[in-house]
Amino acid sequence: MNGIIIIDKPPGRTSHDMVYVMRKLTGIKKIGHTGTLDPMATGVLPVCIGSATKAADMLTLSDKRYVAELILGKATDTQDAQGNVTEERDVNCREDEVRDVIMSFVGEIEQIPPMYSAIKKDGKKLYELARQGIETEREKRKITINSIDILEIDLPRIKIDVSCSKGTYIRTLCADIGEKLGTLAHMSALRRIKTGPFSIDKSYTVEELEELKDKGQLQDALISVDNLFSEYPAVYLNPKQVKSVTNGVRMTYKGDENQTYRVYDDCGNFLCVSKIKDGKLTLQKSFWS
């Protein structure tokens, strides 16, 4: 079994828990997730199986989309509802001010990663230091907020739909919105609804996957890894060309210079992603078994 299964991660479970679930369901050890979702968060978690694990880094780098709820007036040490309240302030902002401030975060911005994160500082994860009561200086990171749709304002609660680049901390965005409004804020709920090309409507709950397993239909949930590269044109090779490509030979091929291609054999089996460089088909990433 090789491919990607999109799990609708339940609350209270870690991303690694979902890897364990899939190893148990499939009997396959070579499984990895594509970017951590906090335990309190729910939603899209692509899990790569078999040779598809080679694509995990590509999904980690892809844009994401979330629906988040934030509550104004209270800050927590983790910037979300699982943390301890550290400070409270009055909420004296109008709805039009809230809208203006939220929309001001669209575009390229800088974020300071939260202490409760897996980022490493001097070899130690920040959350390990935070649990010891140690707060260390963190460098600002450039991230991009592609868009924000304001779904609901019922102060002090606000619900937003955010499309963003990799490395974005939505709970930090919520805290920064509160600060810019002259108050405080923390994230009270988070649901990831899209990662790269994979959206929530293509996901399965753990219970649904278990049911498919019992029916012998787990394969039905599997998405071929070449779906990740659907924006690239496909090329089909004859057996001689396939042998050259799988042996690592840069093969002369008539195509557009610097164009990336999905490469298949003449039976339609996905082999790799390659790019035309100096008139030759050059391997970028292989997926053959």
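The questions and answers below concern a predicted model.

User: What separation do the C-alpha atoms of Ala68 and Gly50 have?
Analyst: Along the chain, Ala68 and Gly50 are 18 residues apart.

User: How many disulfides does a search of the whole structure find?
Analyst: A disulfide is a covalent bond between the sulfur atoms of two cysteines. For Cys48, which is in no disulfide, the nearest cysteine sulfur is that of Cys272, 17 Å away, and for Cys93, likewise in no disulfide, the nearest is that of Cys174, 14 Å away. Cys48 counts as buried at 0% relative accessibility, and Cys93 counts as buried at 12%. Over the whole structure, the number of disulfides found is zero.

User: Within what arc do the buried residues of α3 fall, and what do the elements covering them include?
Analyst: The buried residues of α3 are Val98, Val101 and Ile102. Seen down the helix axis, the buried residues of α3 fall within an arc of 100 degrees, so they line one face of the helix. The elements that cover these buried residues include β10, β11 and α5.

User: Which exposed residues does α6 carry on the face turned away from its buried side?
Analyst: In helix α6 (residues 206-214), the residues Val206, Leu209 and Leu212 are buried. Because they cover an arc of only 120 degrees around the axis, they lie on the same side of α6. Their cover includes β1 (3-9) and α1 (15-26). On the face turned away from that buried side, the exposed residues are Glu207 and Asp214.

User: Which strands stand at the edges of the open sheet of five strands?
Analyst: The order of this sheet is β14-β16-β17-β18-β15, and its pairing is mixed. Each edge strand has a single partner strand, so one side of it is left without a neighbour in the sheet. The strands in that position are β14 (234-237) and β15 (251-252).

User: What is the bridge partner of Thr252 in β18?
Analyst: Strand β15 pairs with strand β18 (residues 280-286) in the antiparallel sense, over two bridges. In β18, the bridge partner of Thr252 is Lys280.

User: At about what angle to β14 does helix α7 run?
Analyst: Helix α7 (residues 239-246) lies across β14 and β15, and likewise across β16 (260-265) and β17 (270-277). Relative to β14, α7 runs at about 105 degrees.

Key: Residues numbered from 1 in each chain as written. Predicted model: local features only at pLDDT ≥ 70, side-chain atom pairs only at ≥ 80, totals over all residues. Heavy atoms only, no water. Disulfide = S-S within 2.5 Å. Buried < 20%, exposed > 50% of the residue type's maximum accessible area, 1.4 Å probe, protein only. Helix = DSSP H or I, 4+ residues; strand = E, 2+ residues; numbered from the N terminus. Arc of directions from axis to C-beta. Contact = heavy atoms within 4.5 Å. Pairing = 2+ DSSP bridges. Axes fitted to C-alpha atoms, helices over the stretch in contact; angles between N-to-C directions.
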